[in-house]
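Please look over the sequence and the structure below before reading on.

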Amino acid sequence: MARSEFAIVGAGALGSILAAHLIRNGRSVALLARGQRAQQLREQGLRIKGLSEIAMPVEVITDPAQLRETGTLIIATKTPGSEQTMASLRHVKVDRAVSIQNGVMKDELLSQTYGREHTLGALADTSGELLASGEVLFTRNVNLFVGELDGSMSDTARGIVKTIDDAGVRATLVPDIVSREWSKFVGWVGFVSLSLTTRVVTWKFLSDPDAALLIARLTRELGSLARALGIALTEDRAILPLGLVMNGTEAEAVAAVQKVGADYQTKAPEHRMSSLQDLLAGRPLEIHETLGYALRKAKELNLALPLLASLYSLVSAIDRTRDR
């Protein structure tokens, strides 16, 4: 197939949102999808509702071998199977590759596949939900932070970000993307762990004193891993107030988590973590490439993360033993 400006791998919520906005703005997009989702897209096209109302056809490919070259490759799949996904795309010629997946392992995989100089980091404060009908509900459009891993502000990266932002998905080029990714990740791990073990909407587990205590302790453990890796954390881009949670007393840390819970109760009372959505829908959980990745990095550094290790075992058991 001819070179496209963008190739998006994965047609879930975020992949569909990005594809629809870019196509609407006149950009050429190849969308790689599989199975029932590919069939839906061929029959119905992209259908977005909520913050945007878009309905349009899209070029769908199902075989990675059909994709030979693209300007910007965007990985928008769930994290399970990421290594196999990247292996199937190793042949693709790209100007830049970026992943909007959860966690931080994604940058390492892309760098191994295309080289660090062709890899962009990304942190999405953007969300939606793929409905059974094939429609995507676009619910959050705050910012998609993108940046070169070496902190440079290249013209290539600037052009990609401007194109996405001009299309209607808010995006910003930043010089500290690695710090931002990890700042979110150290708190996100606690959110995911407690969403899967409590199975309640987000504000409820954040507000519970025992759940908030576990989140605070997990955040401190992940913060110690970031420090050991030499990664500075950026409080104003984290999902928790990291200063209080990591450096305050335990009581102050718990109170800070509960305050975030109160904000969710007021502003997003029905918010459910995507991990909980996956659990309830019978989909594989994004834990081995996120929680498991953190444990593997800690082991390389001889760093003990005992609470994370225990919760990883628990959620792994939940993933294996639940009804599908």
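Strand β8 pairs with strand β9 (residues 136-148) in the antiparallel sense, over eleven bridges. Strands here are DSSP runs of E of at least two residues, and helices are runs of H or I of at least four, both numbered from the N terminus; two strands count as paired if DSSP finds at least two bridges between them. This is a predicted model, in which local features need pLDDT of at least 70 and side-chain atom pairs count only at pLDDT 80 or more, while totals for chains, interfaces and linings use all residues. Residues are numbered from 1 along each chain as its sequence is written, and side-chain values use heavy atoms, with hydrogens and water left out.

β8 and β9 form a hairpin with five residues between them, and G134 in the turn has a positive phi of about 100°. β8 (residues 119-130) is also joined to β7 (residues 93-99), by two bridges, and these two strands run parallel. Here A97 stands opposite T119 in β8.

E129 is also found in β8. With a relative accessible area of 26%, E129 is partly exposed (buried means under 20%, exposed over 50%, partly exposed in between, with a 1.4 Å probe and protein chains only). Leaving aside neighbours within four places in sequence, E129 is in contact (heavy atoms within 4.5 Å) with A13, E135, V136, L137, R272 and Q277. G12 is 117 residues from E129 in sequence, yet their C-alpha atoms are 7.9 Å apart.

A13, one of those contacts, is among the buried residues of helix α1, which also include L14, I17 and H21. Ten of the twelve residues of α1 are buried, so the helix is largely enclosed by the rest of the structure.

Elsewhere, the second largest pocket is lined by 13 residues, of which V104, D107, V178, W182 and Y293 are the closest to its centre. Helices α4 (105-114), α6 (177-198) and α12 (291-300) each supply at least two residues of the lining.

Conventions. 1 Å grid on protein atoms, 1.4 Å probe; cavity = no way out; pocket = protein on both sides within 12 Å on 5 of 7 lines; lining within 4 Å.
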